[in-house]
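Hello,

Please find below the structure I said I would pass on. My notes on it follow.

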Amino acid sequence: MSTTLPLEGVRVVDFTAYWAGPLPSAIMADLGAEVIKIESIQRPDLFRIVAVSGDPMEVYELSPPFNATNRNKLSLTLDLTRPPGVHLFKELVKRSDAVVQNYSPRVMPQFGLAYETLREVNPAIVVTSVSGFGQDGPWRDYVSFAAIGEALSGISGISGYTGEGALIHGVGVSDPFAGYLAAFCTLAAVHHARSTGEGRHVDVSQLEASMQYIADALLEFDLTGHARARTTCDDSPAAPHGAFPTRGEDSWITISVENEEQWRALLDAMGAPVWAAEERFATPLGRLKHRGMLNQHVAQWTAERDRHELARELQERGIPAAPVLAPSDLLQDPALRAAGFFQEVDHPVAGRHPYPSFPALLDGIHPPIRRVGPMLGQDNHYVLSEILGLSEAAIAQLEEDRIIGTRPAF
Amino acid sequence: MTRLLQDIRVLELSEGCSAAFCGRLFARLGADVVLVERPRVGSAVRSLPPFLDGRAGAERSGIYMFTASGKRSLTLDPAHPDGGAILNRLLARADVVIDDRGSRESDDACARANPALVRLGFRRFAAGGPYERWLATELQLAALGGWMAQLGQPRRTPLVSNSRTMTAFVPGVIGAIAALAAVRDARAHGHGRRIDVAAHEALLFTTRFNETFLSYTGVEIKRAGDRFPAWAAYRTFKAADGDVTAAAATDAQIEALMKVAGVDDPRFRTRADREARIDEFGAELSRWTMAHTREEIFRKCQENRIPMGKVNRIDEVATMEQVIARGFFEKVEWPGDGQRRFPGGPARFNGEWPAPRRAPLLGEHTAQILSGELGYSPADLASLGEMGVI
């Protein structure tokens, strides 16, 4: 059993914005790496303001997704449009294992911080670039957010009601999908660099990441020629299987019957209704063919029941069933409470709020969220003095020149 | 060179998609991943659809072919004393064991066999919690993990996407990240760790911090159909030949979109105006999108630096010029069937994709591992085979 976090001793320079780039470095920070998030007072991470309403100057420390995504990180401001900022960035690269950045491919070279340059500064540096479409190809400079990766990758083509149009996936799947692969690939390249002294440029795109997660749909098209489409319930080979209304506003339960035993148990739970004796519902194939009618019958039965009680009852009878939980339910969910999944953390401006843990137990414990935020430039002194060895006078000069600072200019 | 993990040995005892995808990530980057399969029947992953030509069979599962790319297959019955002895020797030389069917006892046995081993387990729900024994398909996990509440029209049936790997791979990559981080530490200090990933928690972590948002603001974010809640131009639009998705987040992007679409109306001048008249604003933009094809809209907007995507069907995905130019899909020879074209990944390293490698046939590497690496004789192998151990 180990009492330390696994990535202690690894340092990451995070030059990211929004979610897809900040997420992988947050995961590394959760696992113990020292992650230094670089913004500038001239151009802070816009995730500080786009997700909240109000005057940017009032809300930039109050963005829930920013504060949650950038947990366990240090904040340094550097104006990279001027030589002293670029110089300090390179000094940090000399002392780091990895850089994670998610600007479009033009941006790093514009600052004089292309991978080729950083490799000269530190041959072992791993530079991970997370982008919409990748570092080359005809679309490399196209603009992307999560929903764009979702649309192009085929995810939107298989997300929605049968026969209806495309929807937006509220989870914003392309961002975390790319972010997770970026975290794994960065760690793999750091592993290699630590033993060989050779870094890598890791090129992760939202579009390509998203396609990997819907492998079943893409493989099916290659193996059978069938291109699946949107269905109100996923293409399960058994029925009933889906979400059914329960008592109360926007209240739902999912039920999945996968075999004869579960079907009989469901009939018992429903009290052997008359309709279920019809011949068309007698076999699995019949139920699958008549799933529309079957679902209507089941929905009538669930409609007046409580989703939590019904889920427990069906589970006791051996049937996969669960209530559909929204954010307000999740904050109260007994399983998440028992696991300590949401950690209450204080923030100097935002106060105390719950934040989700990195979803793995290391020897039985979620990695702690030591701090959230960070506030803009709050670690300027620590990074410049402790890591880079600058004098107080030199730091004061940087402040005066607005290379660093703590008040943004939106 | 993309074999960044070539000095790492992984032993995979998997029955589900999450563990299988986790093993794939290690194998793609050059780790030696030995998939331990049940003699004759193989891993349960081999029984997951889709199948080659739609017909089930141990060597016909697409999920297996994809997730087992680059792994080695060893058949072994660990319940048999000789099988258990072989497993212990494999554990002793491994860095990571991935086990989604393991119990507390088997975990203790792994730790005894090799104290520096990283032991990664996958389960649906956290051990010891109220859902521990609950049954769940991907649908129940999406319901409890906060995903279904975020897809669908408000008040209508909440949805999941029509892809089971989309949710099943999420815990897999989370586990891969944690295990790889732990290998570094185990190598440095000589002690392994136990890592547990609950799919329920992995899915919830993947949603956009909606519970934190609720705590800060009192506003509960839920599915909003064809749009992202409260954002005026982060939504889908009807085009002449299907749908497009705009993800205009900043005012500059929204104003550029208005210009391209010819929307010049005092009612929509400021962000507040647009959000107050969000439906009228959407209708104005739709008049332009409905008169153009997805391709025209995508090109025109992207040329003006507006985040816009066309909604592709599954049969269109591999034909995108960017996907072709980057060579994302890879050609894989499949014994007896010729060439398949599968998604590649996970990423490019110095411009290179990891090389395509096919999945192993059932037990393809049993002899290589047992006699070549562990020193069993051909006669031993024959006996083990007759006893049903391999």
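**What was found**

In chain B, strand 7 (residues 234–239) is mostly covered, with five of its six residues buried. This comes from a predicted model, as does everything else below. Strand 7 of chain B runs antiparallel to strand 8 (residues 242–247) of chain B, and six bridges join the two. One of the pairings is that of B:Tyr234, whose bridge partner in strand 8 of chain B is B:Ala247.

**Domains**

The domain assignment divides chain B into domain 1 (9–205 + 360–386) and domain 2 (234–311). Taken over C-alpha atoms, the centres of domain 1 and domain 2 of chain B are separated by 44 Å. For chain A, the assignment gives domain 1 (11–213 + 340–400) and domain 2 (241–326). The C-alpha centres of domain 1 and domain 2 of chain A lie 44 Å apart.

**Where the chains meet**

The contact between the chains takes 116 residues from chain A and 126 residues from chain B. On the side of chain A that touches chain B, helix 8 (residues 174–196) of chain A gives the most, with 11 residues. That side of chain A divides into 74 nonpolar, 28 polar and 14 charged residues.

Strands also pair across the two chains. Strand 6 (residues 201–205) of chain A and strand 12 (residues 348–349) of chain B run antiparallel and are joined by two bridges. In this pairing A:Asp203 has B:Arg348, in strand 12 of chain B, as its bridge partner.

An open sheet of seven strands also draws on both chains, in the order 12(A)-6(B)-5(B)-4(B)-1(B)-2(B)-3(B), and its pairing is mixed. Its edge strands are strand 12 (361–362) of chain A and strand 3 (72–75) of chain B, each of which pairs on one side only. Within the chain B part, strand 4 (residues 96–99) and strand 5 (residues 118–123) of chain B run parallel, joined by four bridges. There B:Asp99 stands opposite B:Gly121 in strand 5 of chain B. Helix 6 (residues 164–189) of chain B packs on the sheet, where it touches strand 12 of chain A as well as strand 4, strand 5 and strand 6 (193–198) of chain B. The direction of helix 6 of chain B makes about 170° with that of strand 6 of chain B.

**Two details in chain A**

The axes of helix 8 of chain A and helix 9 (residues 206–213) of chain A come within 8 Å and cross at roughly 90°. Helix 8 of chain A is therefore roughly perpendicular to helix 9 of chain A. Helix 8 of chain A contributes A:Ser174, A:Asp175, A:Phe177, A:Ala178 and A:Leu181 to the contact, and helix 9 of chain A contributes A:Gln206, A:Ala209, A:Ser210 and A:Tyr213. By class, this contact between helix 8 and helix 9 of chain A has five nonpolar, three polar and one charged residues.

The other detail is A:Val130, which is in strand 5 (residues 126–131) of chain A. A:Val130 counts as buried because 33 other C-beta atoms lie within 10 Å, and 20 or more are enough for that. Leaving aside neighbours within four places in sequence, the contacts of A:Val130 are A:Ala20, A:Gly21, A:Asn102, A:Ala178, A:Gly179, A:Ala182 and A:Val204. C-alpha to C-alpha, A:Val130 and A:Val99 are 11 Å apart in space, and they are 31 residues apart in sequence.

Regards

How values were computed: Residues numbered from 1 in each chain as written. Chains lettered and ligands numbered in written order. Predicted model: local features only at pLDDT ≥ 70, side-chain atom pairs only at ≥ 80, totals over all residues. Buried ≥ 20, exposed ≤ 12 C-beta atoms within 10 Å, placed from the backbone. Contact = placed C-beta atoms within 7 Å. Domains from an automatic or database assignment. Nonpolar A, V, L, I, M, F, W, Y, C, P; charged D, E, K, R; others polar. Pairing = 2+ DSSP bridges. Axes fitted to C-alpha atoms, helices over the stretch in contact; angles between N-to-C directions. Parallel < 35°, antiparallel > 145°, perpendicular 65-115°, else oblique.
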